Amino acid sequence: MTRTRLTLTSVVTQVFLVLLTLLFLAPVVWAFLSAFKPANQIISDPLGFDPSQITLDNFERMFQDVPIVRGFVNTGIVLVLKGGLTLFFAPLAAYGFAKYEFPFKDLLFGTVLITLMLPTIVLIIPLLLEMKELGWVNTYQALILPGAIDAFAIFWMRQVIAAVPDELLDAARVDGCSEFGIFARIVLPVIKPALAGLAVLTVMNIYNDFVWPVVIASSERMSTLQVVLSSLAQNITGNRIGADYATVTGELLAAASIALVPLLLIFIVLQKHFINGILAGSVKG
Amino acid sequence: MTTAVATRPAGRVSPSRRRPHTASSRRRLAPYAFVFPFVALFVAFSVYPMLFTLQLSFTDWRGSGAAHWVGLGNYTYLLQNPAFWSSLGNSAAMWALIVPVQMVLALAIAVLLDNAKTRMRSFYRVAFLVPFVTPLVAVAQIWVVVFDQKYGAVNSVLNAVGLPDVGWLVTSQWAKPTLALLFLWKTTGFIVIILLSGLQAIDPAVYEASSIDGASRLRQLRSMTIPLVRRTLLFSVVLQTLAIFQMFAEPFVVTQGGPYSSTTTAGLYLYNHITRADLGTGAANSFLLVIIVTVLSLGFVRLLRSED
C-alpha cells in the first residue's frame, strides 16, 4: 500500500519537474533552432522546424550587418582584465578583513555591506560625470575599473576565508612564511572550490553586464556584446511594419544564439563548483 | 641574516629565528597592503560618486554650464510628479506579479530537489539554472520575438488550440505580466538553489522524528519545513525586492517602457533623467529610490526578527 502511493508520488513529481524543465528550456531551444531556419519561415511558421531547410543565412547576414565580432573582442578584453582584478584582489582584501585586526576595520566592512544594498543604478549619474571629468568616456578603463573589485565578492570570500583554521596560518608563520606567502600558498589553495564558484559568477556578471556599458561605452568601437545585442532589438521595433521584420528577426535570433553559447559552455563545465559555491556560501549567510 | 630566514618559503624544516618585533610589525602592516587596492577603487568609484550624487541632487545641473542651488526643489518636484509615483507603482505591481508566484514555485521545486527519492536531481538543478546564466539582453530579445502579436510563437500556440491573439507587448494590461514572466523565468532557478541551501541545512533527524509520529508529507512541509527555511525565504524576498526595484534592462530592451508608460519601472524612469541630461533631478530620484529600497529591506528584516 505504502509502496504504490510512493511510486504515484514520484511519478507526479517527475511529470511536474519534466514539464517545468521544458518550460525553462523552451525559449532558449526555440531561439537556437529558429536561428537556423530561413528568415521568412521564422515568422510565417514560428513553431515548425524542417531539418531539410537548415540554413546559415541568418548568421551570415548578421555577421555582415552587426559589429558582433567587435562586441566579442571588447567583452573578452573587459572579461580578462576586470575578472582578473576581482579574482585576485577580492580574496586578498577578504583575507585582510577575515584574519587581521586593524583600526576602522568594522567601519570599513560595514560600508562595504551598505553598498551591497544599494541599487547599482544609483551610482550611474555621478560615475558618468566622474568618467567625463577623467576623460574616460568610451575607454576600456571606464568599462573595467568601476566595480572591478566587487563588494559581494569580498563579502562571500570573507566568509569562506574566516572558516580557514588559524592554526594552519600560524604554522606557516612559524615556518617563516611571509604574510603574503600565507595568502598565496595556504589560503588560496584551501579556498579553491569557492574561488571556482566566484569565477563563474564573476564571468557571468561581466559577460552579462549591460547598464554600465550602455551608458559609458555606447560608441560602436567600444560596444560590448550586450550593447551590440540591444541595438539589434531596437532595430526590430523600428522595422516592425516593413518587410524587413523577418530579416531583422533572423539576425537577432542568430546573434542571441551566438551570445548564449560561450556562457552556457562555461556553466555546464563548471556548474558543480558554481552550485556548490552558492550552497556553501549562503548556508552561513 | 635573520631577515633572510624570515622570508624563506614555507615548508622548510629549519626553525625560524626571527626577531619578534620584525615579524609583528610586518603582521601589523600586512592587512593595510591587502585591503588597499580594494579600498582605493571603492573610495574612487563608490564612496566619492555617492557623496557627489547627494550634492548634485540639490542643484539644477544639466551636465554643462553653471549649477544653481535649488535646495529641496528636485525632491519636491519628484514627489509632486505623477510620473514618479506611477514608476514606483509599476515597480510595485511587478513585485506583486513576481514575488508570491516565484516563492511558491521555487519552494516547491527546492523541496522536490531536496528529497533524496527524486530522480535526476542534479540534471534538474542544472536545467533550472540555464535561464539564469543566459545573457539578459539576449533573452529579452527572444521575448520580443516570441511574444510578438502577429508573428510570435506564443500566439501561434494559442491559435492552434483555438484561442484568439493576445497583444502581449502592445497592450498596457498585458505588458507588465509579460515582463514579469521574463523575470520569473530568468531568476527562479537561482532562488531554487538558495532555498535548497536553506533546506539542506535542516537536520534530517527532525524529519525522522516526525515521520515516526506519523506526520504526513504535507503537514511536515507546513509545520516544519517552511518555518525552518523562513530566514532563507525572507532573504530571497529581500534579494528580489532589490532586483525588482532596480529593474531596467528588461523594459529598456523589450518595451522601452511602453505602452503608455505601463512598463516604465523605477529603474527605467531614473535612467530617463540621464538621457534628458536632467542630472540634478536624476540624482534626487536616485536618493529617493535608495530610501525606498532601504525602508523596504529594513521592513523585511524586522518581519524576520519579530516572528523569531
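## Chain A: fold and dimensions

From its N terminus, chain A runs α-α-α-α-α-α-α-α-α-α-α-α-α-α, a total of 14 helices and zero strands. Helices here are DSSP runs of H or I with at least four residues, strands are runs of E with at least two, and both are numbered from the N terminus. The model is predicted: local features need pLDDT of at least 70, side-chain atom pairs count only at pLDDT 80 or more, and totals for chains, interfaces and linings use all residues. Residues are numbered from 1 along each chain as its sequence is written, while chains are lettered from A and ligands numbered from 1 in the order in which they are written.

The C-alpha trace of chain A spans about 75 × 75 × 30 Å along its principal axes. Of the 285 residues in chain A, 44% are buried. A residue is buried if 20 or more other C-beta atoms lie within 10 Å of its own, exposed if 12 or fewer, and partly exposed in between, with C-beta atoms placed from the backbone. Among contacts in chain A between residues at least 6 apart in sequence, 78% join residues at least 24 apart. A contact requires the C-beta atoms of two residues, placed from the backbone, to lie within 7 Å.

## Confidence in chain A

Chain A has a mean pLDDT of 84, and 91% of its residues reach 70 or more. pLDDT is the predictor's confidence in each residue, from 0 to 100. Where pLDDT is low, the predicted coordinates should not be read in detail.

## Around helix H6 of chain A

The buried residues in H6(A) are A:Ile124, A:Ile125, A:Pro126, A:Leu127, A:Leu128 and A:Met131. A:Gly135 follows this helix with a positive phi near 70°.

A:Asn138 lies in the loop between helix H6 (124–134) and helix H7 (140–144) of chain A. Its phi is near 55°, a positive value in a residue other than glycine. A:Asn138 counts as partly exposed because it has 16 C-beta neighbours inside 10 Å.

## Chain B: fold and selected helices

Chain B also comes to 14 helices and zero strands, in the order α-α-α-α-α-α-α-α-α-α-α-α-α-α along the sequence. Buried residues make up 39% of its 308 residues. Among contacts in chain B between residues at least 6 apart in sequence, 67% join residues at least 24 apart.

Helix H5 of chain B (residues 121–133) has 13 residues and should span 18 Å at 1.5 Å a residue; its end C-alpha atoms are 19 Å apart, which agrees. The expected span is 1.5 Å times one less than the number of residues. Buried in H5(B) are B:Tyr124, B:Arg125, B:Phe128, B:Leu129, B:Val130, B:Pro131, B:Phe132 and B:Val133.

In H7(B), B:Ala153, B:Val154 and B:Asn155 are buried. B:Ala160 is also in this helix (residues 153–160), but counts as exposed, with 9 C-beta neighbours inside 10 Å. The C-alpha atom of B:Ala160 is separated by 39 Å from that of B:Leu221, 61 residues away along the chain. Just after H7(B), B:Gly162 takes a positive phi of about 85°.

B:Gln256 is found in the loop between helix H12 (249–254) and helix H13 (266–275) of chain B. This residue is not glycine, yet its phi is positive, near 50°. B:Gln256 has 14 other C-beta atoms within 10 Å, so it is partly exposed.

## Contact between the chains

The contact takes 79 residues from chain A and 82 residues from chain B. On the side of chain A that touches chain B, helix H14 (residues 244–284) gives the largest share, 15 residues. That side divides into 58 nonpolar, 17 polar and four charged residues. Ala, Val, Leu, Ile, Met, Phe, Trp, Tyr, Cys and Pro count as nonpolar, Asp, Glu, Lys and Arg as charged, and the others, Gly among them, as polar.

## Nonpolar core

The largest nonpolar core has 153 residues, of which A:Ala93, A:Ala255, A:Ala256, B:Ala140, B:Val192 and B:Leu195 touch the most other members. H14(A) gives the largest share of this core, 14 residues. A nonpolar core is a set of buried Ala, Val, Leu, Ile, Met, Phe, Trp, Tyr and Cys residues joined through C-beta atoms within 7 Å.
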